[in-house]
Amino acid sequence: MISPFLLLAFGTCLASSLVPEKEKDPKYWRDQAQQTLRNALRLQNLNTNVAKNVILFLGDGMGVSTVTAARILKGQLHHSPGEETRLEMDKFPYVALSKTYNTDAQVPDSAGTGTAYLCGVKANEGTLGVSAAVQRGQCNTTQGNEVTSILRWAKEAGKSVGIVTTTRVNHATPSAAYAHSADRDWYSDNEMPPEALSQGCKDIAYQLMHNIKDIEVIMGGGRKYMFPKNRTDVEHKMDEKSRGTRLDGLNLIDIWKSFKPRHKHSHYVWNRTELLALDPHTVDYLLGLFEPGDLQYELNRNNVTDPSLSEMVETAIKILSKNPKGFFLLVEGGRIDHGHHESKAKQALHETVEMDQAIGLAGSMTSPEDTLTVITADHSHVFTFGGYTHRGNSIFGLAPMVSDMDRKPFTAILYGNGPGFRVMGSERENISVVDYAHKNYQAQSAVPLHQETHGGEDVAVFAKGPMAHLLHGVHEQNYIPHVMAYAACIGANRDHCASASSAGSPSPGSPLLLLALLPLGILF
């Protein structure tokens, strides 16, 4: 076995050789800064167009440290040191911070946060599409406290709408777009307590099919929640956990089909081959459920049965773009969160890189002149990387020193808590004898937990397109959908839209829209 001290010495020599020659010249950095300055000065010409389209990319659990680590990984996947790489989201001109706390929780969950950035009101942990008057798990507190989402506002304005996720379509993030539930875990009636059923509450999968019946695009996982109890899954025929869960005997796929007008072209698909065989230009409604539960991690994905997030996004935009009134699309990179919960940083970061690729693809298919694109996270994780690593150090590699306490090496990536806590013979595990580059390696943590927890710090918001400048500074998370709705002239705050529509679609810097901003105090 090679000594970790020799490995570290080798790493030091390698890192020094990775400094690009151009970066040794001060002119390189000065020219780069001047170009950035010129780009920034151009932002003085505000884009105040009406947003025909709105796309919200939600990286579940994508805190700032995850963004930075994913940036390095993206660069290293392209054989560069990584730190200088730009993610697609890095190219967005406007950046803000979002305060993620729930009304009853300092460190939030994905349901209360989803209600905030989709419905515009903060809510209690574990609740979906309802106000903070609703107590988690208490069905009888729901009625009269429902709140609607920007997806519904867009639909009511005549736009097409879509949901794309790498989790179950009835998981917390997508559910906040259409459901009103006192508990995020009520995936089907099988997961609901008898009291809630007797009080008339409906499960989330049922609500997906009934609350907003004409959602044009729904793609993700969650097949088993749509079928009667013990119905064999079409793909995983021998897996009991993949079987249908519904106690009411309903086949929600058939119900989805029955709601669609006969003169429209509706398609239900369950695998990648079927999805890619579709002609999006002839599809009016699409329901794609590619796994019984969540989709596979990108690193584990079956290229025959499961589409990538980018492939789903491309199909969704092609279908939704046919509406001359525009569209709203929610895209969730949901398994970033799951990778972190399992302390599998490699899985989480590859999920982030895939979402960033989908962001770039969406940008190539739309125009910032009429499409507002917002990227954010619901919350962070107790994920970090450090240890004075050298330039170009593998993001999954070792720090360039051993601990001055136990004299053992450690990886740059660590977690504050989680399942990576391991003690061998009353001492911290010596990772020099494990494959810490494996995709399922669980990074070490300070506190043992079966699942790593969310983090409570602010998360980033990236924006480009019409009215993107309204996302600036530090905001409450529930501010986000109000900006998107204002930009698109949907929802309740549309006073500025009458003058805009009477004059036609305004151009950047339109006096009509700029004057309309005066009551909000947004001019400078």
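Select serine 343 to begin: this residue is buried, with a relative accessible area of 0% (buried means under 20%, exposed over 50%, partly exposed in between, with a 1.4 Å probe and protein chains only). The model is predicted, so local features need pLDDT of at least 70 and side-chain atom pairs pLDDT 80 or more, while totals for chains, interfaces and linings use all residues. Numbering starts from 1 along each chain as its sequence is written, and side-chain values use heavy atoms, without hydrogens or water.

Stay on serine 343 and check the backbone: phi is positive, about 60°, although the residue is not a glycine. Most residues other than glycine have a negative phi. Serine 343 lies in the loop between α12 (335-341) and α13; helices are DSSP runs of H or I with at least four residues, strands runs of E with at least two, numbered from the N terminus.

Next, select asparagine 230, which is not a glycine either and has a positive phi of about 70°. Its loop runs between β4 (217-221) and α9 (252-258).

Now show α11 (residues 309-320) with α13 (residues 345-365): their axes come within 8 Å and cross at roughly 25°. Axes are lines fitted to C-alpha atoms, for helices over the stretch in contact, with angles from 0 to 180 degrees between N-to-C directions. The crossing angle makes α11 roughly parallel to α13 (angles under 35 degrees count as roughly parallel).

For the contact (heavy atoms within 4.5 Å), select Leu309, Ser310, Val313, Glu314, Ile317 and Lys318 of α11, then Glu354, Met355, Gln357, Ala358, Leu361, Ala362 and Met365 of α13.

Technical notes: Angles under 35 degrees count as roughly parallel, over 145 as roughly antiparallel, 65 to 115 as roughly perpendicular and the rest as oblique.
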